[in-house]
Amino acid sequence: MGAAYQILGKSVQPHVLSLATLGLVAFVAMPKPWGPAKPTTPAINASSKEEEKFVQDFLAKHLEKSAEKH
């Protein structure tokens with residue numbers, strides 16, 4: 001056997017330590033799939049219902065044109 005680290009009184013092999021480190025980094029770097037979904041569009045702070053409807057129609061039309069280009 002090769003060298004081993006003593007961690008909290010236990011003998012830990014280097015490959016186990018490296019796999020644990022990679023797993024921890026991947027867990028921390030991953031986005032949370034169980035968290036609440038973020039809204040894809042910003043909130044519309046309209047002063048009236050007509051203005052809100054206009055903005056929503058404009059965004060829907062713009063997204064439709066953008067999808068056709070791609």
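**Overview.** I counted 2 helices and 2 strands in the protein; helices (H or I, at least four residues) and strands (E, at least two) are DSSP runs, numbered from the N terminus. Reading from the N terminus, I get the order β-β-α-α.

**Ground rules.** I am working with a predicted model, where local features need pLDDT of at least 70, side-chain atom pairs count only at pLDDT 80 or more, and totals for chains, interfaces and linings use all residues. I number residues from 1 along each chain as its sequence is written, and side-chain values use heavy atoms, with hydrogens and water left out.

**Confidence.** I looked up pLDDT, the predictor's confidence in each residue, from 0 to 100. The mean for the protein is 85, and 89% of its residues reach 70 or more.

**Burial and surface.** How much of the protein counts as buried? I get 3% of the 70 residues, with buried meaning under 20% relative accessible area, exposed over 50%, and partly exposed in between (1.4 Å probe, protein chains only). The protein exposes about 6,800 Å², and carbon and sulfur atoms supply 65% of that area. These areas come from the Shrake-Rupley method with a 1.4 Å probe; for residues, only the protein chains shown count as cover.

**The β1-β2 loop.** I stopped at L8, which sits in the loop between β1 (5-7) and β2 (10-12). Its phi is near 55 degrees, a positive value in a residue other than glycine. L8 is exposed, at 85% relative accessible area.

**Helix α1.** This helix covers residues 14-29, 16 residues in total, and reaches 22 Å from its first C-alpha to its last, close to the expected 22 Å. The expected span is 1.5 Å times one less than the number of residues. The number of buried residues in α1 is 0, so the helix lies largely in the open.

I then checked L24, which is in α1 and exposed, with a relative accessible area of 55%.

**Into helix α2.** S47 lies in the loop between α1 and α2 and is exposed at 70% relative accessibility. Its side chain makes a polar contact of 2.8 Å with that of E51. For such a contact I need a pair of N or O atoms within 3.5 Å; within protein, one must be able to donate a hydrogen and the other to accept it, and residues adjacent in sequence count only if both atoms are side-chain atoms.

Which residue forms a salt bridge with D57? I find K53, with the closest N and O atoms 3.0 Å apart. My rule is a side-chain nitrogen of Lys or Arg within 4 Å of a carboxyl oxygen of Asp or Glu, and the count comes to 1 salt bridge. K53 and D57 are 4 residues apart in helix α2, so about one helical turn separates them. D57 is partly exposed, at 42% relative accessible area.

Last, I looked at V55, also in helix α2 and partly exposed at 26% relative accessibility. V55 and N45 are 10 residues apart in sequence and 9.9 Å apart in space, C-alpha to C-alpha.
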